[in-house]
Amino acid sequence: MVALAAPGLARSADGDDTPFAVHGEQLQVAVPSGWKLAWMAGDRSGNGELIQEYIPADQDIKNWRGQYLLVGRVPLPPAEVSKEVAAMGKTLPQMVSMVSQQEARKACGGTFTEIEPWSGAAAAGESTIAGGFCDRFGPAAPFGEGALIGYLQGKQYVHRIEYHWRPASEGERNAHLPTRVHPAQQQAWIDAIKATPLCGTAQVPCKTP
């Protein structure tokens, strides 16, 4: 089978992470009020792979605490890959999510507690939502980090939305076990992922966030 990796972009070595215009099919994500675009990378023509990171205005992307939002997309794989995935009884979002979960378990230096995955039809198309909490994630997150990640299949891209959270103290790490986020907040993120529509097409133009 052709390898299908979870999409991701490394931070640029030259520091050129300035925002650029995005074209074509994309997610119309509702960025929380008072948050800022902290980092952006990808195909600078605006027509290909893309990652955008958002955090509260008073936070720094290198050492943030609390909450964080990532929006990304990668072009759909070749048709033969999609056929192989379908032959396995999986959708592209399910397969990419499985790879992402495997990588998260390997990257965790402590205990990784998974969130029960969900798959089905969402506003943007066929989708899978999964994630979990790692209680030992390195110096950047001394009290651990959790993530809820949705992969959504459009007509041209596999899109993703990631909601992350980092406890700011030992007390916060011990609250809301096992995933360290209030169940109502976790459900709100799941609902937001399911409700996020596609835009950037002739039929549905994007609104400026």
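Start by selecting Trp 165: this residue is buried, with a relative accessible area of 4%. Buried here means under 20% relative accessible area, exposed means over 50%, and partly exposed is in between (1.4 Å probe, protein chains only).

A quick word on what you have open. This is a predicted model, where local features need pLDDT of at least 70, side-chain atom pairs count only at pLDDT 80 or more, and totals for chains, interfaces and linings use all residues. Residues are numbered from 1 along each chain as its sequence is written, and side-chain values use heavy atoms, with hydrogens and water left out.

**Stop 1: the aromatic rings**

How far apart are the centres of the rings of Trp 165 and Trp 189? They are 5.2 Å apart with the planes at 25°, so this pair is stacked. The rule is that rings of Phe, Tyr and Trp (its six-membered ring) pair if their centres lie within 6.5 Å; planes under 30 degrees apart count as stacked, over 60 as edge-to-face and the rest as tilted. In the chain, Trp 165 belongs to strand E8 and Trp 189 to helix H4, 24 residues apart. Those labels come from DSSP runs, numbered from the N terminus: helices are H or I with at least four residues, strands are E with at least two.

By the pairing rule there are 3 aromatic pairs. For another one, click Tyr 163 together with Trp 189: the ring centres are 5.4 Å apart and the planes stand at 10°, so these two are stacked. This pair also links distant parts of the chain, with Tyr 163 in strand E8 (residues 157-166) and Trp 189 in helix H4 (residues 183-195), 26 residues apart. Tyr 163 has 8% relative accessibility, so it counts as buried. Show Tyr 163, Trp 165 and Trp 189 at once and you have one aromatic cluster.

**Stop 2: charges over rings**

Next, pick Arg 73 and Tyr 157. Arg 73 sits over the face of Tyr 157, at 4.2 Å from the ring centre. To count, NZ of Lys or CZ of Arg must be within 6 Å of the ring centre and within 35 degrees of the ring normal. Now try Lys 194, which lies over the face of Trp 118, at 4.2 Å from the ring centre.

**Stop 3: the sheet**

Switch to a cartoon view. In what order do the 7 strands of the open sheet come? Follow E2-E3-E4-E8-E7-E6-E5, with antiparallel pairing. Two strands pair if DSSP finds at least two bridges between them. Strand E2 (35-42) and strand E5 (112-122) are at the edges with a single partner strand each, so one side of each has no neighbour in the sheet. From one strand to the next, the twist averages 15°.

Zoom in on strand E3 (residues 50-56) and strand E4 (residues 66-75): they run antiparallel and are joined by 5 bridges. Here Tyr 54 stands opposite Leu 69 in E4. Then bring back H4, which packs on the sheet and touches E4, E5, strand E6 (125-134), strand E7 (145-153) and E8. Contact means heavy atoms within 4.5 Å. The direction of H4 makes about 20° with that of E7; axes are lines fitted to C-alpha atoms, for helices over the stretch in contact, and angles run from 0 to 180 degrees between N-to-C directions.

While you are at E3, select Gln 52, which is found in that strand. Gln 52 is buried, at a relative accessible area of 14%. Leaving out residues up to four places away in sequence, Gln 52 touches residues including Val 22, Trp 39 and Leu 70.

**Stop 4: salt bridges**

How many salt bridges does the structure hold? There are 4, a salt bridge being a side-chain nitrogen of Lys or Arg within 4 Å of a carboxyl oxygen of Asp or Glu.

- Select Glu 145 and Arg 166: their closest N and O atoms are 2.8 Å apart. Glu 145 is in strand E7 and Arg 166 in strand E8, so the pair ties together parts 21 residues apart in sequence. Both Glu 145 and Arg 166 are buried.
- Select Arg 105 and Glu 114, whose side chains meet in a salt bridge (2.6 Å, N to O). Arg 105 is partly exposed at 38%, and Glu 114 is partly exposed at 39%.
- Select Glu 170 and Arg 173, a salt bridge with the closest N and O atoms 2.8 Å apart. Both lie in helix H3 (residues 170-173), 3 residues apart, about one turn of the helix. Glu 170 is partly exposed, whereas Arg 173 is buried.
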